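Here is a brief report on one model. It covers a sheet, the helices around it and a helix pair elsewhere in the chain numbering.

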Amino acid sequence: MPLTEPHDDNLSQEEQVVAVPAAGDAADVPAPDAPADTPRVEAAADGDPAGTAPTETAADGGSSRAEIAADGDAAEPPEPEPILPEPVRQRIVSLTATVLPGLPADEVPVPLRRVAKFAPNRRARLGAPVIAAQLTADPLFRQRVTARVLADAGDLGAAVIEGTAPAAADPVEVAALAYLARPRGWRQLIEASGAVVRAEADTAVVAELVRQAEQRATRAEHDRAVARVEADKLRDELARVREELGQLREESRQLARTLRESQARERKASELLATERGRAARAAADADAELRRARARLAEAEATAGVARASAKEARSVDDARLWLLLETIGQAAVGLRRELALDPVEKLPADFVADSFADSSTATSTGAAARARDTDDPARLDQLLALPRAHLVVDGYNVTKRGFGEMSLEQQRKRLITGLGGIAAQTGDEITVVFDGAERMHGLPPTPRGVRVLFSRKGETADELIRRLVRAEPPGRPVVVVSSDREVADGVRRHGAYPLGADSLLRRLSRS
């Protein structure tokens, strides 16, 4: 933006440059455009930064220049400001922003007081519009800034005040100082500096254009060389493609010949397929007919099988009647034999003798004992074995309780197992013996249920040994079931013809009770 300020080239240098008063003084400064004998202008107050306070009238009643102009004196119109080049305008704002913090606070216009507190790099950038406006509108402020700037410029400032510009000086700096100081012929200095700046800019533009032209020429030469290389490659590629094209044409002829042969084979295959489909249709019809005949024969066979099943059922009924009659005869013969031998009912069972005697000698087993063994751990087998007549169930007590409810105390484990075995004895009527390890008989046991025998091993003997002696004491032919998950116990009783079962089978049987 151009900085405008009317200027009278006829004024002397002393009337244009005014010394800046000391901070805090209220000295009067003569206006730059007023003659020497005009009234002096009071320094602007803090609230009047533009220096627009009205001029005071003289003591003898003389009027100011504004009043004279209002009375009809013809004032000469101000000359227009020159168009400043952008570098010159930026340099003027930069010089003003540099000296702005050094001015006294009462000499800084109010709009610029906040700008004066900015950092140096932000002061010229953010406050440029306000600084330019104040330099244009406030001549007094401009002259105060000019005094500081000229003092900092030294010899160059003195030369600019005299209206000359050193040949080695920066034209931008000269134009900025001339605009602020406005000596005689300052417009010519600005125009000359602007011409130099524009010439330098034009020279830089021409140099840049020359550089770009040289770069384009270099790039064009490089592109031409690359194009020649690419052309050679393309020629080689064209030759290779032509060679491949010849090969492809030959392959195409071969493929066309192969295609014709394939089409001929396809036609023959289609004819054969149609023939085979006819044969398959005839074979399917024959298969359906055979299937219908097979179904008819199956129906006849099922009818024959029904008749055979009815006949077998009648024959089985006759055999059952004969078997019942034979068993009845055997039972009556056994009753007669028991009466003839005078055999009284026994009060003790073999296990009772083992429990009373605790003999160390082992009873010899008969030759048929091993034939009674069954190598099975099926839990469902327990119910089948207990259903046998006069079965004897031997239970390894702690082996079962610690596997099923080991979180309880030993007393609670024994009580729960004995109670459950009492229920099984009541349901099946079988003999049940449960064996526990113990150096002596435990006291405080719950009442033993009917049909359940509780044994404790003696000192120096384990429950496993006591279980094996109980099995050996049974007569050959009696079903003995031993419940224990101990492999040694199972192998030992299996050799003597007992049926070993795992502890899980009894635990599941107890959970159903």
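In what order do the five strands of the open sheet lie? The order is E3-E2-E1-E4-E5, and the pairing is parallel. Strand E3 (452–456) and strand E5 (499–501) are the edge strands, each pairing on one side only. From one strand to the next, the twist averages 20°. Note that this is a predicted model.

**Strand pairing**

| Strand pair | Sense | Bridges |
|---|---|---|
| E1 and E2 | parallel | five bridges |
| E2 and E3 | parallel | five bridges |
| E1 (residues 392–396) and E4 (residues 480–483) | parallel | four bridges |

His-392 has Glu-431 in E2 as its bridge partner. Phe-436 is partnered by Phe-456 in E3. For Leu-393, the bridge partner in E4 is Val-481.

**Strand E2**

Is E2 enclosed or open to solvent? Six of the six residues of E2 are buried, so the strand is largely enclosed by the rest of the structure. In a regular strand, side chains alternate between the two faces of the sheet. Glu-431, Thr-433 and Val-435 point one way from E2. Ile-432, Val-434 and Phe-436 point the other way. Both sets are buried, Glu-431 included.

Which residues of helix H17 (residues 503–512) are buried? They are Ala-503, Ser-505, Leu-506, Leu-507, Arg-509 and Leu-510. An α-helix has 3.6 residues a turn, so residues three or four places apart point the same way. The cover over the buried residues of H17 includes both strands and helices. Among the strands are E1, E4 and E5. Among the helices are H12 (381–386), H13 and H14 (410–428).

**The H3 and H7 pair**

At what angle do helix H3 (residues 86–99) and helix H7 (residues 139–153) cross? Their axes cross at roughly 85° and come within 10 Å. From H3, the contact involves Leu-95, Thr-96 and Val-99.

How values were computed. Residues numbered from 1 in each chain as written. Predicted model: local features only at pLDDT ≥ 70, side-chain atom pairs only at ≥ 80, totals over all residues. Heavy atoms only, no water. Pairing = 2+ DSSP bridges. Helix = DSSP H or I, 4+ residues; strand = E, 2+ residues; numbered from the N terminus. Axes fitted to C-alpha atoms, helices over the stretch in contact; angles between N-to-C directions. Buried < 20%, exposed > 50% of the residue type's maximum accessible area, 1.4 Å probe, protein only. Contact = heavy atoms within 4.5 Å.
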